[in-house]
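Subject: A structure to look through

Dear colleague,

Here is the structure I said I would pass on to you, with the sequence beside it. Please open it first, and then read my notes below with the model in view.

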Amino acid sequence: YLSNANKNISISKADSTQAELLFGHGTAGVDEFYNYCPSIMEESDGTRHIYYCTNRDAGDVTDYVGYRKGTLQNDGSYSWSNETLVLSPTSGMWDSRHTCDPSVIKGSFNYLSHNYSYLMAYLGCITSDNSNNEVGLAVSDNPIGPWTKVDSLNPFAHFTGTSGYEGWEWGY
């Protein structure tokens, strides 16, 4: 089960089947799309916002942050929106190859004299082998975006290597 601040959410077999349809990897060797590392934020009315890593183009292993909105139905099931890509790599920057592993919270976040309602922490990297991952922040007024990267702080957590380690390093 998933734990929410004030309640537990049980996942039934029907939920897991629906999750596979929405977020599964599809047919191996055919679809060439992937989805992983989901993060769920649930509103008090039961609306769910799911953020996850995905690729934009079939067969291209470049991570984007995907989003789907789940609306609670009377029978307890959810109706899901189509996928929207809400955060993308930035050409020539620290997150130019991968922008992934999202985690979103609701609150009050001031950036450039504007109070935003949502904050996303995400992983970014510049390398194709996923080494030297770093952590960045983005803000938004709405769960679906648009998201503004906090460029004055990003990457928020720099990866500078592990002292004494001489092999390949994942990063954060």
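Glu43 forms a salt bridge with Lys106, and the closest N and O atoms of the two are 3.3 Å apart; the term salt bridge stands here for a side-chain nitrogen of Lys or Arg within 4 Å of a carboxyl oxygen of Asp or Glu. Because Glu43 lies in the loop between β3 (35-42) and β4 while Lys106 lies in strand β8 (residues 98-111), this pair ties together parts that are 63 residues apart in sequence. Glu43 is buried, with a relative accessible area of 18%, whereas Lys106 is exposed, with a relative accessible area of 52%. In these notes buried means under 20% relative accessible area, exposed means over 50%, and partly exposed is what falls in between, with a 1.4 Å probe and protein chains only.

Before going further, please keep in mind that this is a predicted model, in which local features need pLDDT of at least 70 and side-chain atom pairs count only at pLDDT 80 or more, while totals for chains, interfaces and linings use all residues. Residues are numbered from 1 along each chain as its sequence is written, and side-chain values use heavy atoms, with hydrogens and water left out.

As for why such pairs occur, side chains of opposite charge can pair when their charged atoms come close. The count of salt bridges comes to five, and one of them joins Glu42 to Arg48, with 3.2 Å between the closest N and O atoms. Glu42 is buried at a relative accessible area of 16%, and Arg48, at 16% relative accessibility, counts as buried too. Another salt bridge joins Arg56 to Asp57, the closest N and O atoms being 3.2 Å apart; here Arg56 is partly exposed, with a relative accessible area of 46%, and Asp57 is partly exposed at 33%.

Strand β8 is joined to strand β9 (residues 114-125) by ten bridges, and the two run antiparallel; two strands are said to pair if DSSP finds at least two bridges between them. Helices (H or I, at least four residues) and strands (E, at least two) are DSSP runs, numbered from the N terminus. Together β8 and β9 form a hairpin with two residues between them, and Leu112 in the turn has a positive phi of about 50°. Across this pairing, Phe109 stands opposite Tyr116 in β9.

Which residues does Tyr111 touch, once its neighbours within four places in sequence are left aside? Tyr111, whose place is in strand β8, is in contact with Tyr116, Val139, Thr148, Lys149, Val150, Asp151 and Ser152, where contact means heavy atoms within 4.5 Å. A polar atom of the Tyr111 side chain lies 3.3 Å from the backbone nitrogen of Asp151, and the C-alpha atoms of Tyr111 and Val150, which are 39 residues apart along the chain, are separated by 7.5 Å. Tyr111 is buried, with a relative accessible area of 11%.

The aromatic rings are also worth a look. Rings of Phe, Tyr and Trp (its six-membered ring) pair if their centres lie within 6.5 Å, and planes under 30 degrees apart count as stacked, over 60 as edge-to-face and the rest as tilted. There are five aromatic pairs by this rule, including the tilted one of Tyr34 and Tyr36, at 5.9 Å centre to centre and with 35° between the planes. Tyr34 is buried at a relative accessible area of 13%, while Tyr36 counts as partly exposed at 33% relative accessibility. Tyr51 and Trp147 form an edge-to-face pair, 6.2 Å centre to centre with 85° between the planes, and this pair links distant parts of the chain, since Tyr51 is in strand β4 (residues 48-55) and Trp147 is in the loop between β10 (134-140) and β11 (148-149), 96 residues apart.

Finally, the whole chain. The protein has one helix and eleven strands, and along the sequence they follow the pattern β-β-α-β-β-β-β-β-β-β-β-β. Of its 172 residues, 40% count as buried. Among contacts in the protein with a separation of 6 or more, 46% come from residues 24 or more positions apart.

Definitions and conventions: Polar contact = N/O pair within 3.5 Å; in protein donor to acceptor, adjacent residues only side chain to side chain.
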